[in-house]
Amino acid sequence: MKSRENLIQFGLLITALSTIVIHLLIALFIFQEGLPIILRVGINEFVCGTHWSPQQGQFGIFPMIVGTAWITAGAILVSLPLSLSCAIYLSEFSTPKVRGTIKPIIELLAGIPSVVYGFMGMVILFPMIRNHLGGAGPSILSASIILGIMILPTITSIAIDSLQAVPYSYREGSLSLGATRWQTIRMAILPAAKSGILSGIILGIGRAVGETMAVIMISGNSVIIPNSLFDPARTLTANIALEMNYAVGDHRQALFATGIVLFITIMILNIIANVLSRRGVEK
Amino acid sequence: MEDKIVVKNLNLYFDTLAVLRSINLNIKANEILSIIGPANSGKTSFLRTLNRLNDLIPTARITGEVLLDGLDIYKKDLSLPWLRRKVGMVFALPVPLPRSIFENIVYGPRLNGVTNKLRLEELTEKTLKAAFLWDEVKDRLHTSGTKLSGGQQQRLCIARTLALEPEVILLDEPCSGLDPLSTSKIEEALYELKKQYTIVLVTNNTKQAARVGDNVAFFLMGDLIEYGSTEQIFTVPSDKRTEDYITGRFG
C-alpha cells in the first residue's frame with residue numbers, strides 16, 4: 001500500500017516537473033537559435049537599430065519594439081476604463097445574480113479565436129477609421145482598439161476577483177463612518193484591491209504583447225517607426241510570424257532573437273504580476 | 001430624561017422571514033442601553049436598523065418608525081452619510097481600514113470636509129484619549145492600524161467612531177473577541193463616554209450588561225420581551241423567560 005502511494009506521488013512529481021522542463025527546453029532552444037546573431041550584431045545594434053532588411057544583413061528591431069509598445073499602450077488605454085468600470089459595477093453595485101450571469105459572459109470573450117477579432121477589425125473598424133478619421137485603416141489605432149477589447153476579459157475578471165476579495169467589513173466600516181458608496185469604493189475598497197488589479201493589468205499587457213494573429217490582420221505590418229495613431233506598425237510577434245516560413249540563415253536566427261526579446265519581456269511582466277498578487281494576499 | 005431614539009412598532013423582514021416583530025422601545029439620552037438575548041434573537045439586526053446599515057441587504061424590508069430626536073430616519077430623502085455620522089457604530093470584529101492609525105481616525109472627519117491638519121491632529125489626540133488608547137500608540141500614529149492587537153484595534157475603532165462627533169454610538173458585541181483586561185478598558189471608556197453620548201450596547205455577556213448598562217432590553221426570537229432598569233431586570237425580572245436567560249438556564 002505504502003509503496004503504491006509512493007509510486008503515485010512520484011508519478012505526479014514527474015508530471016509536475018515536466019511542465020517546468022518543457023519551459024526550460026523552449027527557453028534553451030530559443031536562446032540557442034537566436035543568441036549567436038545578437039552577439040554577432042551586438043545587443044545595442046539589434047535592439048536599437050532602426051533598419052530591418054534581412055537581405056542586406058541589417059537586423060534592427062527597434063521599429064517593432066516601438067510598434068509593440070504603442071499598440072500595447074493603446075490597448076491598455078482602451079481597455080482600462082472599460083474593464084475597471086465594469087468590474088466596479090459588477091462587484092459593488094450589481095446583485096449577485098446579475099454578477100453571476102455577466103461575469104461568465106465576459107470571460108467567454110477570452111475564448112473567441114483571435115482571428116475572429118482580427119476579422120471584425122478588418123470588416124468593421126477599417127471602414128470606420130477610413131471614413132471618419134482618414135488613413136488607410138490598418139493602423140496603431142485599429143490594433144489598439146481590437147487588442148483593448150481582447151484583453152478586456154483578463155483585466156475585468158481579475159479586477160472583479162480582487163474587489164470581491166476585499167473583506168465585507170471594510171465596506172461596512174467605511175459606510176458607518178459616514179462615507180457614501182462611491183467614497184467607500186474610492187477610499188477603502190480600491191486601495192485594498194490595488195495590487196490585485198495591478199497584477200490583472202500586467203497580465204493584460206502580457207496578453208497584448210504576445211497577441212499575434214489579430215495584430216497581423218489589423219496593424220498594417222510596415223516596418224517603420226510610427227509617428228501617429230494612423231500609421232501602420234509591426235509588432236515583435238507579427239515580425240516572427242510573417243517571416244518565419246521563408247527565413248533562412250541569419251534571417252532565421254534574427255527572428256529567433258526577436259523571440260528572445262519577447263520571451264524576456266513576457267517573463268518580466270509575469271514576475272511583476274506574481275509579486276504584486278502575492279503582496280496583495282499578504283495584506 | 002428625554003428620549004434620544006424612539007422606536008415605534010418596528011418590523012424587519014429578510015425576504016419573508018420576520019427578524020424583528022413590532023418592537024417599541026425608547027432609548028434615553030446620555031444613558032447606556034444594553035441589549036441582551038441569545039444568538040439569533042435579532043439584537044444585531046435591531047442595532048443595524050438604527051443607522052440603516054440593513055439597507056445594504058437587498059432583501060431587507062422595514063415597517064414602522066425610528067425617530068432620532070423626533071426625526072424619522074427612514075424618511076425618503078434622508079442623507080445616509082449624515083445619519084451615520086450622527087449614529088456611529090462599532091462592530092463585533094474590529095476592522096481598522098488598511099491605513100495608519102492617524103488615517104483611520106481622520107477618515108470620517110475628512111469625508112465630512114475637515115481638512116485643517118491641526119484640527120485633525122487635535123481630534124486624533126482627543127478621541128484616542130477618550131478610547132483609552134492614546135498612551136499606547138501616541139509614538140506610532142503613522143504605523144498601520146491593522147498591526148495593533150485585537151483590543152487596541154477595537155479601541156481604535158471606538159476612537160474613529162468618536163471622531164465623527166456622533167450623538168449616538170452603537171456597539172455590536174465590542175468585547176466578544178477580547179481578553180478581560182481589554183474588556184475592562186473598553187467598559188471604562190464607555191462609562192466616561194455616556195456623559196456626552198447615548199450608547200446602545202449589544203452584548204452576549206449578561207455580566208457586562210449588569211456592569212455598564214443603565215437600562216436593559218431583552219430580545220428573544222425577534223421579540224422585545226422585557227425592558228427595564230438594569231437593577232430591576234437583574235433582580236426582579238417580570239418575565240419568566242428573562243429570568244431564565246439571565247440565570248443561565250437557556251441561551
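**Close-up views of the predicted model**

**View 1. Domain division of chain A.** Chain A is divided into domain 1, residues 2-48, and domain 2, residues 64-282. The model shown in this and the following views is predicted. Between the C-alpha centres of domain 1 and domain 2 of chain A, the separation is 27 Å.

**View 2. Contact between the two domains of chain A.** In this contact, 11 residues of domain 1 of chain A meet 10 residues of domain 2 of chain A. On the domain 1 side, the elements that give two or more residues are α1 (2-41) and α2 (43-48) of chain A. The greatest contribution to that side comes from α1(A), with 9 residues. By residue class, the domain 1 side that touches domain 2 of chain A comprises 9 nonpolar, 1 polar and 1 charged.

**View 3. Crossing of helices α3 and α6 in chain B.** Helix α3 (residues 101-111) of chain B and helix α6 (residues 150-162) of chain B have axes that come within 7 Å and cross at roughly 35 degrees. The crossing of α3(B) past α6(B) is right-handed. From α3(B), the contact is made by B:Ile101, B:Asn104, B:Ile105, B:Tyr107 and B:Gly108, and from α6(B) by B:Leu156, B:Ala159 and B:Arg160. The residues of this contact of α3(B) with α6(B) are divided into 5 nonpolar, 2 polar and 1 charged.

**View 4. Contact between chain A and chain B.** Chain B provides 19 residues to the contact and chain A provides 17 residues. On the side of chain B that touches chain A, at least two residues each are supplied by α2 (80-86), β6 (87-90) and α3 of chain B. That side of chain B consists of 12 nonpolar, 4 polar and 3 charged residues.

**View 5. The largest nonpolar core.** In soluble globular proteins, nonpolar side chains tend to be buried together. The largest nonpolar core here has 117 residues, of which A:Leu147 and B:Val200 touch the most other members. Helix α6 (residues 140-165) of chain A gives the most to this core, namely 15 residues. Apart from neighbours within four places in sequence, the contacts of A:Leu147 are A:Ile71, A:Ala75, A:Ala208, A:Glu211, A:Ala214 and A:Val215.

Terms used: Residues numbered from 1 in each chain as written. Chains lettered and ligands numbered in written order. Predicted model: local features only at pLDDT ≥ 70, side-chain atom pairs only at ≥ 80, totals over all residues. Domains from an automatic or database assignment. Contact = placed C-beta atoms within 7 Å. Helix = DSSP H or I, 4+ residues; strand = E, 2+ residues; numbered from the N terminus. Nonpolar A, V, L, I, M, F, W, Y, C, P; charged D, E, K, R; others polar. Axes fitted to C-alpha atoms, helices over the stretch in contact; angles between N-to-C directions. Left-handed = near helix turned anticlockwise from the far one by under 90°. Core = buried A, V, L, I, M, F, W, Y, C linked by C-beta atoms within 7 Å. Buried ≥ 20, exposed ≤ 12 C-beta atoms within 10 Å, placed from the backbone.
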